[in-house]
Amino acid sequence: MQLMDNFQRRFQYLRLSITEQCNFQCQYCLPDGYRPNKEHQFLSLNEIGNVVSTFTELGVHKIRLTGGEPTLRRDFIDILSLIATCPSVTELAITTNGSRLLKNIAHWQQAGLNAINLSIDSFSPHVFKLITGQDKLTSLILGVEKALEVGIKKVKINTVLMKNLNDNLSDYLIWLKDRPVELRFIELMETAESQPFFQRYHFSGQMIERQLIEQGWQLQPKAPLSGPAKVYAHSDYQGKIGLIMPYSKDFCKSCNRLRVSSLGQLHYCLFGQAAVDLRDLLVSPAQKAQLKARILASLMIKPEKHLLQEHQIGMLPNLSYIGG
Ligand code: SAM
Ligand code: SF4
């Protein structure tokens with residue numbers, strides 16, 4: 001059985017948010033920090049197990065844990081270990097702000113983690129602190145080295161592009177010279193809580209793309225079933241540069257991911273107006289048949305594309321609710 005929508009897009013990749021909690025205050029996401037909502041009970045280990053085993057039976061091979069900050073969960077290692085025992089999961093990844101990376105990466109790797117996306121919005125300690133509210137850049141950079149050392153195969157850096165704040169390409173190139181890491185520039189996306197910030201700081205990835213081409217970087221062929229990122233490489237650099245440009249034409253054509261929130265809601269589009277609640281079917285593996293039927297039915301209403309360009313930003317106040 002496989003997950004396919006009405007536009008022949010196949011889904012083998014699930015982004016699973018396991019918490020909304022976060023310890024950073026990124027200006028574009030949680031500028032005032034995380035405020036707990038008592039009514040929000042995040043998925044239990046048992047529910048996470050049921051999500052993962054059901055989606056893998058539907059053809060998902062890659063699971064990315066996200067949040068909020070996924071590594072803040074006390075049972076984070078148990079979650080990794082549980083997912084890693086699932087034979088169909090070939091890639092177990094996280095997206096993290098890196099606050100716990102350096103200290104814990106060896107344990108996470110032993111538990112089965114094999115890919116990391118680490119958010120670093122600037123390599124200037126001053127700008128990094130301005131954006132995230134945290135003085136942790138040095139520890140994050142050491143964390144990247146450690147991740148490579150302990151054998152994490154895929155290490156990517158996520159950098160959200162912001163006009164006049166972190167949009168100077170040369171600041172990143174030095175860093176990519178000798179590191180086999182892919183740095184991904186993500187265009188700032190508008191959310192309900194970040195509209196003035198978006199208007200002031202949005203910077204088009206096409207500006208970076210133009211500079212890359214001028215400097216001899218070459219677009220890499222897309223792997224089958226790969227997502228919307230455009231990846232560039234250069235023979236003088238070990239690292240690569242990816243561009244995620246949700247405002248560009250045809251971005252949604254290569255959508256290959258589904259998202260489940262930490263409250264058990266299936267979001268078939270990051271900027272959709274609705275989500276499908278799976279929670280009542282996550283209690284026991286005996287509910288799997290019903291759960292699969294609900295997931296398959298929800299794919300039939302997945303829209304062809306988002307309408308971000310028209311400022312239709314969907315239902316999420318900010319991306320900490322679902323993990324980007
Ligand atoms: N806390 C983790 C982290 O920051 O890596 C995981 C969750 S965070 C919501 C996932 C990714 O979404 C991060 O790379 C973050 O920079 C990105 N993100 C958050 N809000 C965004 C926005 N408005 N536009 C573009 N990317 C955003
Ligand atoms: Fe936290 Fe990640 Fe949002 Fe930054 S982007 S505030 S680290 S959830």
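In this predicted model, the shell around ligand 2 comprises 5 nonpolar and 3 polar residues, with no charged residues. The residues that form this shell are Cys22, Phe24, Cys26, Cys29, Leu30, Gly68, Asn97 and Ser320.

A polar side-chain atom of Ser119 lies 2.6 Å from an oxygen atom of ligand 1. Backbone atoms take part as well: an N or O atom of the Thr96 backbone is 3.2 Å from an oxygen atom of ligand 1, while a backbone N or O atom of Met189 is found 2.9 Å from a nitrogen atom of the ligand.

The second topic is helix packing. Two packed helices are described by the angle between their axes and the distance between the axes. Helix α3, spanning residues 101-111, packs against helix α5, residues 137-149, at an angle of about 20°, and their axes are 8 Å apart. Because angles under 35 degrees count as roughly parallel, α3 and α5 are therefore roughly parallel to each other. The crossing in which α3 passes α5 is right-handed. On the α3 side, the contact is made by Leu101, Leu102 and Ile105; α5 contributes Ser139, Leu140, Leu142, Gly143, Val144, Lys146 and Ala147. By class, the residues of this contact between α3 and α5 are 7 nonpolar, 2 polar and 1 charged.

Terms used: Residues numbered from 1 in each chain as written. Chains lettered and ligands numbered in written order. Predicted model: local features only at pLDDT ≥ 70, side-chain atom pairs only at ≥ 80, totals over all residues. Heavy atoms only, no water. Axes fitted to C-alpha atoms, helices over the stretch in contact; angles between N-to-C directions. Helix = DSSP H or I, 4+ residues; strand = E, 2+ residues; numbered from the N terminus. Parallel < 35°, antiparallel > 145°, perpendicular 65-115°, else oblique. Left-handed = near helix turned anticlockwise from the far one by under 90°. Contact = heavy atoms within 4.5 Å. Nonpolar A, V, L, I, M, F, W, Y, C, P; charged D, E, K, R; others polar. Polar contact = N/O pair within 3.5 Å; in protein donor to acceptor, adjacent residues only side chain to side chain. Near = heavy atom within 4 Å.
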